[in-house]
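Here's a quick tour of a predicted model. Have a look at the sequence and the fold, and then we'll talk about the inside.

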Amino acid sequence: MTTRTGILPKAPLVNAISVVRFAPILKLPEFLPNIQHKLRERFPETFQMKLQVSSNDNPVVTWGFLDSNLSMACTISNDVLLLNSMCYETFPLHAEIFKFCLESLIAEVKFIDVTGIGMRYVDIIEPRDNETLQNYLPDNFIPMSGIYDGVEPEGIASTTYSTNEAFLHVRCWRQTGNPVPDDLADQGMIFDIARQHKLAQNPK
């Protein structure tokens, strides 16, 4: 990230996440070998995980495809495709890779009924000693500003900006743990687990 022109070397951006949701494709597992063959040009590492949403549901299988640097992943399940990047440089480059992922999927399934599409930028702001979030963010972006019983509470603050064609939704989490939005936590977890697994296999 420090090589990006005009970007601060300690910029808080940790994840850029593009996502498209679509009506479930129940035959998706049959297409995965060919999809993987197309993706391997940029995502040679693969990982698969079954997530048990509840005891009454069948496991949801998610496939993760990682680049050779383990800094970017395309994850696919039967109703969502997600590109998670820890090495975001510019939007055109990220969009081109996202397009590559989508085209690799559509080339096999032929058609997807899109139910939602968007992009998230995930920043982590960790104040240094003797600093607070107020040093970095306006008060209306800070969940539950203040200290209660000596503790800064966790929470979420949301703000939406819109035009006639699009909207920007800003969510500020004050929390510990995985810096991935809750509604994308499963796919984000796949990337993190796969990345740690591959790093353990090839320690430097």
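Leaving aside neighbours within four places in sequence, which residues is C101 in contact with? The list reads L39, F43, C74, L81 and L83.

C101 also belongs to the largest nonpolar core, a set of 23 residues. Together with L28, L39, F43, I76, L81 and L105, C101 touches the most other members. At least two residues of this core come from each of β1 (13-22), α1 (28-39), β3 (60-66), β4 (72-77), β5 (80-85) and α2 (91-109). Helix α2 is the top contributor, with seven residues. As a rule, nonpolar side chains in soluble globular proteins tend to be buried together.

Is S104 buried or exposed? S104 is buried, because its relative accessible area is 4%, under the 20% cut-off. Its side chain reaches the backbone oxygen of F100 at 2.8 Å. Not counting residues up to four places away in sequence, S104 touches I35, K38 and L39.

On to the strands. β1 is mostly covered, with eight of its 10 residues buried. Here is how β1 pairs up:

| Partner of β1 | Bridges | Direction |
|---|---|---|
| β6 (residues 114-123) | nine bridges | antiparallel |
| β5 | six bridges | antiparallel |

For the β5 side, go to I17, whose bridge partner is N84.

Key. Residues are numbered from 1 along each chain as its sequence is written. This is a predicted model: local features need pLDDT of at least 70, side-chain atom pairs count only at pLDDT 80 or more; totals for chains, interfaces and linings use all residues. Side-chain values use heavy atoms; hydrogens and water are left out. A nonpolar core is a set of buried Ala, Val, Leu, Ile, Met, Phe, Trp, Tyr and Cys residues joined through side-chain atoms within 4.5 Å. Buried means under 20% relative accessible area, exposed over 50%, partly exposed in between (1.4 Å probe, protein chains only). Helices (H or I, at least four residues) and strands (E, at least two) are DSSP runs, numbered from the N terminus. Contact means heavy atoms within 4.5 Å. A polar contact is a pair of N or O atoms within 3.5 Å; within protein, one must be able to donate a hydrogen and the other to accept it, and residues adjacent in sequence count only if both atoms are side-chain atoms. Two strands pair if DSSP finds at least two bridges between them.
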